[in-house]
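Dear colleague,

Please find below the structure that I am handing over to you.

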Amino acid sequence: MATSTSSKLNKAVKHQYMDLPQGDKVQAMYIWIDGSGEGLRCKTRTLDSEPKTIEDLPEWNFDGSSTYQSEGSNSDMFLIPAAMFRDPFRKDPNKLVLCEVLKYNGKPAETNLRNTCKRIMSMVENNHPWFGMEQEYTILGTDGHPFGWPSNGFPGPQGPYYCAVGADKAYGRDVVEAHYRACLYAGVDICGTNAEVMPAQWEFQVGPCEGINMGDHLWVARFILHRVCEDFGVVVSFDPKPITGNWNGAGCHTNFSTKEMREDGGLKIIEESIERLAKRHMYHIRAYDPKGGLDNARRLTGRHETSSINEFSAGVANRGASIRIPRSVGQDKKGYFEDRRPSANCDPYIVTEAMVRTCLLKEEGEEPTDHSK
C-alpha cells in the first residue's frame with residue numbers, strides 16, 4: 001500500500017515539541033478554497049491572545065498566482081475570516097479559521113461562493129432553512145489505488161461492505177474514527193458516520209445546520225479529513241466516480257427543510273417545493289458539481305442507487321430517485337426531503353443556495369435571479 005513518506009516519520013518526536021507550552025500566543029490556521037473550487041489551502045499566523053469572536057481575527061493575504069486565483073503581476077488576494085473552530089491538531093487555544101477570498105479590488109474571488117450564499121440566506125432567515133449533508137468519500141493510497149484493495153485486482157463485489165465490521169470488509173476505520181473525534185473537538189456539527197457500499201468508501205454526515213452554517217461546517221469537516229489522512233499517509237478523494245465499472249459513485253445527498261415543512265401539514269409544502277425543483281432540474285445539475293454537471297454525468301447513470309442526470313424523479317423511500325421523501329415523513333406528513341443529486345465534490349454553498357432560490361424565493365428559469373438590484 002503506497003503511503004506518504006512523511007507519515008513514516010517518528011510521531012513521538014513531533015509530540016515532544018507539540019507538548020511544549022506556547023505562552024500567551026495562539027496559532028491561527030487560515031483556511032480557504034482555491035481556484036479549482038475543490039482544493040483547500042491553509043497557512044498559519046501567530047496571534048497575541050486567544051480570539052473569542054470572528055471580529056477578533058485580522059484580515060490577511062496570500063499569493064493568488066500560486067492557487068489558480070490571480071495573475072503573477074497582480075497576485076495579492078485577501079483572506080476575510082468567516083468562521084472559527086477549535087484546532088484539533090494543535091489543540092486549545094489554537095484555532096482553525098475558514099476564510100472568504102476577495103480579489104485586489106475587494107470583489108469576491110470566482111470560487112468564493114460563500115459571499116452570494118450568505119446574502120441569499122439572509123433573505124430567508126425567517127424560514128429557518130435547515131440542511132444536513134451526507135458526505136461520501138474514498139480513501140486512496142498516494143498512488144491513487146483504493147485503500148485496502150488488492151494491488152493487482154479488485155476486492156469481491158459490492159454487498160458485504162456497507163455499514164460493515166471486520167478487517168476483510170471495513171477498510172480504513174482508523175481514519176474515520178480519528179476524523180470523527182477531531183470534528184467533535186473542533187465544534188463541527190458532525191452527526192454520524194458509516195462505511196459505504198464500495199470498499200474503502202465511507203460517509204460522514206453534517207447537520208442539521210441553519211443557513212450559511214451548512215457550508216462552513218462541511219468545508220471545515222473536509223479540511224479536517226484531509227489533515228487526518230495526511231497524518232496517516234493516505235489521501236481522501238471526493239471524486240464522484242473514483243472507480244469506473246460496477247462500483248458505486250460518491251455523492252453528497254442534501255437534506256432540506258424549512259420551519260413550515262417541519263410543522264403539522266408540512267408535507268404539502270415539501271410537495272410544492274419538489275414541483276418547483278422538477279421544473280428547474282438542469283439549473284440544479286449545473287450547480288451540483290464544480291464542472292457544471294460534467295463530474296456528475298459519470299455518477300448519475302440511473303444505476304448504483306442514482307437517478308439519471310437527464311431525468312427528474314421523486315418518490316417515497318426511493319434511493320433511485322432525484323428527490324427522496326423518507327418513509328417516516330410520508331407517514332408523519334411533515335419533516336424534510338433529500339436531494340440525492342449533489343456530487344461528493346460539490347460546493348455546499350452553491351448547493352444550499354440553489355435549493356433556497358428554487359424552493360423559497362420561487363425562482364424559475366435556467367439562470368439565478370440577481371437580487372442585488
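**Backbone findings**

Proline 93 is located in the loop between β4 (76-86) and β5 (95-102). Helices (H or I, at least four residues) and strands (E, at least two) are DSSP runs, numbered from the N terminus. This is a predicted model, in which local features need pLDDT of at least 70 and side-chain atom pairs count only at pLDDT 80 or more, while totals for chains, interfaces and linings use all residues. Residues are numbered from 1 along each chain as its sequence is written, and side-chain values use heavy atoms, with hydrogens and water left out.

Most residues other than glycine have a negative phi, and most peptide bonds are trans. The exceptions found here are set out below.

The peptide bond that runs from aspartate 92 to proline 93 is cis, and its omega is near 10°. Glycine 207 and proline 208 are also joined by a cis peptide bond, with omega about -5°. Proline 208 belongs to strand β8 (residues 201-210).

Which phi does cysteine 163 have? The value is positive, near 55°, in a residue other than glycine. Cysteine 163 sits in the loop between β6 (130-140) and α3 (173-186). Alanine 200, which is not a glycine either, has a positive phi of about 80°. Its place is the loop between β7 (190-195) and β8.

As to accessibility, buried means under 20% relative accessible area, exposed over 50%, and partly exposed in between (1.4 Å probe, protein chains only). Cysteine 163 is partly exposed, at 46%, whereas alanine 200 is buried, at 2%.
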